[in-house]
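Here are my notes on this model, as numbered points. Please read them with the structure open.

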Amino acid sequence: MVSGAGFQPVKSADRTLEVLEALAASGQRRSLVDLSRSLDIPKSSLHGILRTMMQRGWVEGDETGTRFGLGVRALQVGAAYLETDDSVSLLAGVLDDLSQQFGETVHLGRLDGPYVVYMAKRESVHPLRLYSAIGRRLPAHATALGKVLLAERTDEAVGGLLTWPLVALTPHTIAAPDALYADLATIRKRGYAIDNQENTEGLVCFAVAAPLHSPAVDAVSLSVPIARLDPGLEERIVAALRRSVDQLRAACGLLSDHPRPADTSM
């Protein structure tokens with residue numbers, strides 16, 4: 001990756017990527033005026049960028065031609081990324097096994113700066129389940145996936161990684177710095193993280209880091225509605241997650257030539 005002091009991004013390319021990232025983050029179509037204002041790009045320049053991206057299939061407009069969203073080309077590239085990611089392929093069996101054992105929602109997440117991104121999932125068999133989507137990005141401090149990956153790093157590194165003050169997604173989210181650092185210390189000791197309704201009220205999530213790299217960049221989680229969670233089930237989930245970690249450590253030899261994903265967490 002070309003970076004460092006003195007590097008100046010190509011302005012047109014930088015603006016094009018800003019548009020893609022803004023459309024991906026919004027979750028809905030956006031108008032030219034809205035995008036121009038939020039990205040600080042002149043409407044005339046932005047119009048040309050959007051037209052070019054529409055011609056190439058990266059952006060689509062609505063029937064009125066005034067609101068814009070991601071196009072099918074973005075989906076194709078995202079799917080290709082997942083299909084060629086070695087960690088996603090290697091961990092697929094772990095996700096399948098946990099899903100078959102418990103019938104609950106299972107996720108593979110990757111740390112991306114102060115966020116965790118869902119890389120893969122297995123759906124719950126129950127009507128009452130966690131809503132999620134591959135590619136969704138959530139604050140790392142408010143999820144079991146994110147917290148177990150933050151715990152792989154020093155408190156100093158975590159402090160520089162997160163965006164302060166921390167946002168509270170629910171009344172249970174740990175947003176106070178001292179409380180978060182204490183929780184991360186506990187996670188380091190016991191080897192797994194718990195999201196106790198910190199991301200979504202009514203849902204508890206357990207996660208372990210995937211020991212494929214050091215510090216870990218990927219983690220596996222299992223989410224359960226609190227209405228279905230009892231002490232016996234919690235113990236079985238934790239035991240199963242621990243077994244998955246042991247299996248992954250045994251498989252690490254397979255990754256001797258495996259290129260590490262870019263660590264955007266530091």
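1. Start with the pairing of β2 and β3 (residues 67-70), which is antiparallel and runs over three bridges. Two strands count as paired if DSSP finds at least two bridges between them. Helices (H or I, at least four residues) and strands (E, at least two) are DSSP runs, numbered from the N terminus. Within this region, G61 stands opposite F68 of β3.

2. This is a predicted model, in which local features need pLDDT of at least 70 and side-chain atom pairs count only at pLDDT 80 or more, while totals for chains, interfaces and linings use all residues. Residues are numbered from 1 along each chain as its sequence is written, and side-chain values use heavy atoms, with hydrogens and water left out.

3. How far can the prediction be trusted? pLDDT is the predictor's confidence in each residue, from 0 to 100. Its mean over the protein is 90, and 92% of the residues reach 70 or more. Residues 255-261 stay under 50; the model has 14 contacts for them beyond four places in sequence. Contact here means heavy atoms within 4.5 Å.

4. Look next at A74, in helix α4 (residues 72-84). Leaving out residues up to four places away in sequence, A74 touches G57 and W58. A74 and G57 are 17 residues apart in sequence, with 7.9 Å between their C-alpha atoms.

5. On to the spaces. On a 1 Å grid over the protein atoms alone, a cavity is a set of points where a 1.4 Å probe fits but cannot get out; a pocket is an open set with protein on both sides within 12 Å along at least five of seven lines; lining residues have an atom within 4 Å of a point. Grid points are joined across faces, edges and corners, and a volume is the space filled by probe spheres set on the points.

6. The second largest pocket has a volume of about 260 Å³. It has 15 lining residues, and E152, G191, Y192, A209 and R249 are the closest to its centre. α8 (177-190), β8 (203-209) and α9 (231-251) each supply at least two. The largest share, four residues, is from α9. The lining has nine nonpolar, one polar and five charged residues. Ala, Val, Leu, Ile, Met, Phe, Trp, Tyr, Cys and Pro count as nonpolar, Asp, Glu, Lys and Arg as charged, and the others, Gly among them, as polar.

7. Which residues lie nearest the centre of the largest cavity? They are L130, D195, N199, C205 and S223, out of 14 in the lining. The volume of this cavity is about 110 Å³. β8 gives the most to its lining, with three residues. Seven lining residues are nonpolar, six polar and one charged.

8. The second largest cavity holds about 40 Å³ of space. D97, L98, Q101, A240, R243, S244 and Q247 line it. α5 (86-102) and α9 each give two or more of these. α9 gives the most, with four.
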